[in-house]
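Good morning, and thank you for coming. Please look at the sequence and the structure on the screen while I speak.

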Amino acid sequence: MPMGYHKLCLPSVFPPSAAQMKTPSIATSSWSCRSSCWIIVLFAASFAQAAEPAAYFRADAGVAADSKPLVEKFDDSTLLWRQPLAPGHSTPCVCGDSIFLTTFENKELATVALDRRTGKPRWRQVAPARELETFHPTGSPAAATAACDGRRVFTFFGSYGLLCYDLDGKLLWSKPMGPFQDEFGSGSSPILVDGKLILNEDHDRDSFLLAVDPATGDTIWKTAREGFTRSYATPVVWTLGGRRQLIVAGALQLVAYDVETGRQLWSMDGMARIVNTTPAIDGEMLYVATWSPGGDTDARIGMESWESATKQWDKNADGRLARDEVSNPEVLDRFFRIDLNQDRGLDEGEWKKYARVFELAKNSIQVFRPTTSASEPSADVKKMEVVWQYQKGLPYVPSPLVYRKVVYLVKDGGILTTLDAANGKLLKTGRLPGAGNYMASPIAGDGKVYLLSERGSLNVLAAGGKWDILSTHDFAERTVASPVIADDRIYIRTEQAVYCLGAKTSP
């Protein structure tokens, strides 16, 4: 259609008048033009309404619509394709006809796009990182999951910052901001809400929550998270009283922020000292499961008082504690993160700050909901109440899953715990086949729950409080990324490849 054609046709969408019909050639041509253009406009509007929502980590809380059947086993009849891929821990971001991932190989960080139908690579762009962030031996500097708004794809590397590409791989903008002071690296992923790209970064110092313009990368607002230490949870969006809130689970505290301004709305204490899990939302219920070593009631880690520590170990009486002076193994294991100014010595302020973290840390799953008055339409929701808590079977990395009124928690060792989502009543605890650590978060759909261990053992369960195992498959490849459901297909990313599972008879 020539440029400007729609401008000539759109002013009138009514059929020709009787007078116009006296000159059929003009009237018919005019009506045909106008009606055709109106049909195009209606089609475009319909297409826009049907467009896929923004894609990012746990955007669907791990729960797919039950309208399409999903496979319950892995074999030759359900493997649609397997595409070898360089290592990385980011979860597949499925958007439109592409899958976006990040990789780390030969000291290069890259964003990769795969064809959703075939798995074949479409493009690869290397991040211009000059310095590689330090990261945990079991981790990866390609940890954050990509986000996509249907026109642009956004990736984040702690070694560099934010990068934005169009769907064909052309760099649109970049926003350098790393590396951060954290020897375990970065893990939180960017999300999209109300025309904003949101990123939370909690590290040993200078933690913040950031909103940027997806089109330009310009900062819309930035909120400092004073007092927060390292954590790696991705924010979630919770709609209450007709308003969207950003929920960030961090060390010791859960905080809600206003999407438009970044202003803190409310907070709740009682989190673990390091938070890896992303909260789950089910209506007006918010499920936050946090666990970190040393936070259990019967196995707590603590630090001596500053007075006691200096009396025991400050041999040169300089008011500081060097590494070779301290004999507390818990402090030595965490010396880097306690030493906030990185002067290779611990002062009183640094010591007391981290001692407080140990003292207040709490491992549990807590379920929150707004008070009755706070949940009214248009209310500025600021008051929360704890519905129930549970302190066993807690995950370290995998996020909780809420599906069909049941909460699923998987902890290292392959222990799966199911709880009644309404009241926290224990429904079942059992060990899954292929025991080992769990990094990937569980997903669900079509009455099935999928759990993937670090060793690559995929367990498919019949959903329910008294779950049963439908099938087990060993990929024999290390797996950290969470699987993703899109339509009637399941995408699994291991350290060696990306798999697409589905019925071969599906379109």
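Predicted model: local features only at pLDDT ≥ 70, side-chain atom pairs only at ≥ 80, totals over all residues.

I begin with an open sheet of four strands in the order E30-E31-E32-E33, whose pairing is antiparallel. Strands here are DSSP runs (E, at least two residues), numbered from the N terminus, and two strands pair if DSSP finds at least two bridges between them. The edges are strand E30 (443-445) and strand E33 (468-474); each has a single partner strand, so one side of each is left without a neighbour in the sheet. On average, neighbouring strands of this sheet are turned by 20° against each other, direction ignored. The axes behind that angle are lines fitted to C-alpha atoms, and angles run from 0 to 180 degrees between N-to-C directions.

Residues are numbered from 1 along each chain as its sequence is written, and side-chain values use heavy atoms, with hydrogens and water left out.

Within this sheet, strand E32 (residues 457-462) pairs with E33 in the antiparallel sense over six bridges. Val460 has Ser471, in E33, as its bridge partner.

I turn to another open sheet of four strands, with antiparallel pairing and the order E1-E36-E35-E34. Its edge strands, E1 (79-84) and E34 (484-486), each pair on one side only. Strand E36 (residues 497-501) runs antiparallel to E1, and five bridges join the two. Opposite Val498 in E36 stands Gln83.

How many disulfides does a search of the whole structure find? The search finds zero, a disulfide being a pair of cysteine sulfur atoms within 2.5 Å. For Cys164, the closest cysteine sulfur is that of Cys148, at 9.5 Å, which is too far for a bond. Cys164 is buried, with a relative accessible area of 0%. Cys95 also counts as buried, at 7%. Buried means under 20% relative accessible area, exposed over 50%, and partly exposed in between (1.4 Å probe, protein chains only).

Finally, His136 lies in the loop between strand E5 (121-126) and strand E6 (147-148). His136 is partly exposed, at 28% relative accessible area. Although His136 and Glu183 are 47 residues apart in sequence, their C-alpha atoms are 6.9 Å apart in space. Not counting residues up to four places away in sequence, His136 touches Glu183 and Phe184, where contact means heavy atoms within 4.5 Å.
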